[in-house]
Amino acid sequence: MADRAGRMIASSAPRRLDWPMLVAVAALSAIGCLLVWSATYDPADPDGALGFVRRQALHLAVGAVVLLVVAAVDFRVSRAYAPVVYLAAVLGLALVLTPLGETINGSRSWLVVAGLQMQPGEVAKLGLVLAVAMLLGEPRDGEFAPTTRDVLFSLAVLAVPLGLILAQPDLGTAMVLTATYLGMLALSGAPVRWVAGLIGCGVLAAFSVWWFGLLEEYQLQRFTTFVNPGADPRGAGYNANQSMIAVGSGGLNGTGLLEGEHTRGRFVPEQHTDFIFTVAGEELGFVGGAVIIGLLAFVLWRILRTAGRSEGPYARLVCVGAAAWLSFQSLINIGMTLGVAPITGIPLPFVSYGGTAAVANLAVLGLVLNVHAREHGVH
């Protein structure tokens, strides 16, 4: 009977997709492609920008296939493969520290194999969500909440990829992993003392890193310019200042696509990836930026809505992990362009250019859609 129910869920999943959420994600992806085109456009080489857009469209197409596959399979299959995804991510993070890894923008976070680049850190986010949900979302018989042993095991699951990522170092991805874990732990039913204790330990660790001078020079400069953006406007504070100028120059309605002076002049680095929101702020204005934020908020609301309707703790924690991951990453990415968060190398979900990130973001949405289909597919 259980097998028959599983097959019914699997076969009905594509027809029971959360279409409002998918439409919002499609709109974000379309806007992202336009912004990537504008950020990379060069009048002397217009085909170059189209090349970026084609590659981004390919990334999204691959991600869409992954989303549909994950959403359609029996929910128990994704749970069974949680250790595989997690271990694959850990292996990838370890390989990054070997000669196969490549340093870009001061962080050795890229893996290069046969000319193809990927970021195992993005896969680690997906693996962490699956592994922590499995450990904290499956109480044993007679138990209704995670035990101390479950929490300790989940901490070990966090510690391994976190340590490898800090060794790169990639502070932005480490922050996303930590925030994702804390969000899942807080809503798993674990005692509040665990969450409070971990936050306290995190504050102590951050203070210790600063006190003993363990930050890389470029990381220390980023935090310095966050506290005082005018400290070094032509040096360490250049990115922060130029991004705020670009966003502010857009006004209410923006300058129009391909008409932004800061974007055309390449005053802001990495505009098609980490700083893509500056293109939206300058060329689409306050209205365009608000639309992007509104669409992201709508996607997060749909994820939390699915979590709230989930009866099983594992399914609920998968959705909570997805929401914590995407919301924190969006907050930091947009915040750093507005000067309210330190600059970190993390992309804006569904909008920024990137292959591994696009596929990972859509894969975790596939898990959410699987939960949605499972909770509504069998009556």
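**Note on the salt bridges of a predicted model**

1. A search of the whole structure turns up three salt bridges. A salt bridge here is a side-chain nitrogen of Lys or Arg within 4 Å of a carboxyl oxygen of Asp or Glu. Side chains of opposite charge can pair when their charged atoms come close.

2. Some ground rules. This is a predicted model, where local features need pLDDT of at least 70 and side-chain atom pairs count only at pLDDT 80 or more, while totals for chains, interfaces and linings use all residues. Residues are numbered from 1 along each chain as its sequence is written, and side-chain values use heavy atoms, with hydrogens and water left out.

3. Start with Asp18 and Arg302. Their side chains form a salt bridge at 2.8 Å, N to O. Asp18 sits in the loop between α1 (2–12) and α2 (19–40), and Arg302 in helix α13 (residues 276–309), so the pair ties together parts 284 residues apart in sequence. Helices are DSSP runs of H or I with at least four residues, strands are runs of E with at least two, and both are numbered from the N terminus. Asp18 and Arg302 are both buried. Buried means under 20% relative accessible area, exposed means over 50%, and partly exposed lies in between (1.4 Å probe, protein chains only).

4. Next, Glu283 and Arg264. The closest N and O atoms of this salt bridge are 3.4 Å apart. Glu283 belongs to helix α13 and Arg264 to helix α12 (residues 261–264), so the pair links distant parts of the chain, 19 residues apart. Glu283 has 1% relative accessibility and counts as buried. Arg264, at 23%, counts as partly exposed.

5. The remaining pair is Glu122 with Lys125. Their closest N and O atoms are 3.1 Å apart. Both residues lie in helix α6 (residues 120–136), three residues apart, so about one helical turn separates them.

6. Look at α6 itself. Its 17 residues reach 24 Å from first C-alpha to last, close to the expected 24 Å at 1.5 Å a residue. The expected span is 1.5 Å times one less than the number of residues. Of the 17 residues, 14 are buried, so α6 is largely enclosed by the rest of the structure.

7. Now the whole chain. It has 15 helices and three strands. Of its 379 residues, 48% count as buried. Among contacts (heavy atoms within 4.5 Å) between residues at least 6 apart in sequence, 73% join residues at least 24 apart.
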